[in-house]
Amino acid sequence: MTNYKVYYDYFEGVEVPIWLVLDIRENKVEWNNSIYTFQVQSPFELHPSEYFDQHALNLSITMDELTLNSKENHIGINLKLVKSRLDEHDINYSDVSNFVIQMTDIEDVLSFKIGD
């Protein structure tokens, strides 16, 4: 089971999930692989956004770095693209604690179908 947290904020008085934060140390991301795949399983245990650890080295994953996986409810992260971006900024991969992904990006990737 993949270890991640989903953080929410309030919009018009309703809890709305905003980020999925994947603990890459606990999930042992193998940087030598080209893709890291994980399962997104709802319902989510939601955490208030004010509990988000801003002091950890959190890396935002862009929509371009996400890939659709053939397994249902699985998403891939293109580690080659992520490593390239880290190299650009001279950041060591082992220093990164978490991947942060916008929930709207996850919803977009999971709802994508060939031919849409």
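I count two strands as paired if DSSP finds at least two bridges between them. Helices (H or I, at least four residues) and strands (E, at least two) are DSSP runs, numbered from the N terminus.

**Ground rules.** I am working on a predicted model, where local features need pLDDT of at least 70, side-chain atom pairs count only at pLDDT 80 or more, and totals for chains, interfaces and linings use all residues. Residues are numbered from 1 along each chain as its sequence is written, and side-chain values use heavy atoms, with hydrogens and water left out.

**Entry 1: the sheet.** I started with β5 and strand β8 (residues 98–102), which run parallel and are joined by three bridges. Here L59 sits opposite F99 of β8. A reminder to myself: strands of a sheet pair through backbone hydrogen bonds, either parallel or antiparallel. Then I traced the whole sheet, which is open, has five strands in the order β4-β1-β2-β8-β5, and shows mixed pairing. From one strand to the next, the twist averages 40°; for angles, axes are lines fitted to C-alpha atoms, for helices over the stretch in contact, and values run from 0 to 180 degrees between N-to-C directions.

**Entry 2: helix α1 and V82.** Next I looked at what packs on the sheet. Helix α1 (residues 79–88) does, touching β5 and β8, and its direction makes about 115° with that of β5. I picked V82, which is found in this helix. V82 has 0% relative accessibility and counts as buried (buried is under 20% relative accessible area, exposed over 50%, partly exposed in between, with a 1.4 Å probe and protein chains only). Which residues touch V82, leaving aside neighbours within four places in sequence? I found W31, L59, I61, E65, I77 and F99, taking contact as heavy atoms within 4.5 Å.

**Entry 3: helix α2.** Helix α2 (residues 103–111) lies across β1, β2 (14–23) and β8, at about 70° to β8. Its buried residues include M103, D105, I106 and V109. They are on the same side of α2, because they cover an arc of only 155° around the axis; the arc is that of the directions from the helix axis to the C-beta atoms. Among the elements covering the buried residues of α2 are β6 (66–68) and β7 (74–78).

**Entry 4: H74.** I moved to H74, found in strand β7, and noted it as buried at 14% relative accessibility. A polar atom of the H74 side chain lies 2.9 Å from the backbone oxygen of E72. Leaving aside neighbours within four places in sequence, H74 is in contact with T37, F38, Q39, N69 and L110.

**Entry 5: aromatic rings.** To finish, I searched the whole structure for aromatic pairs and got nine. Rings of Phe, Tyr and Trp (its six-membered ring) pair if their centres lie within 6.5 Å; planes under 30 degrees apart are stacked, over 60 edge-to-face and the rest tilted. Y7 and F52 are edge-to-face, because their ring centres are 5.5 Å apart and their planes stand at 85°. This pair links distant parts of the chain, with Y7 in strand β1 (residues 4–11) and F52, 45 residues apart, in the loop between β4 (46–48) and β5 (58–60). Y7 is buried at 6%, and F52 is buried at 15%. I also noted that Y4, Y36, F38 and F44 form one aromatic cluster.

Technical notes:
A polar contact is a pair of N or O atoms within 3.5 Å; within protein, one must be able to donate a hydrogen and the other to accept it, and residues adjacent in sequence count only if both atoms are side-chain atoms.
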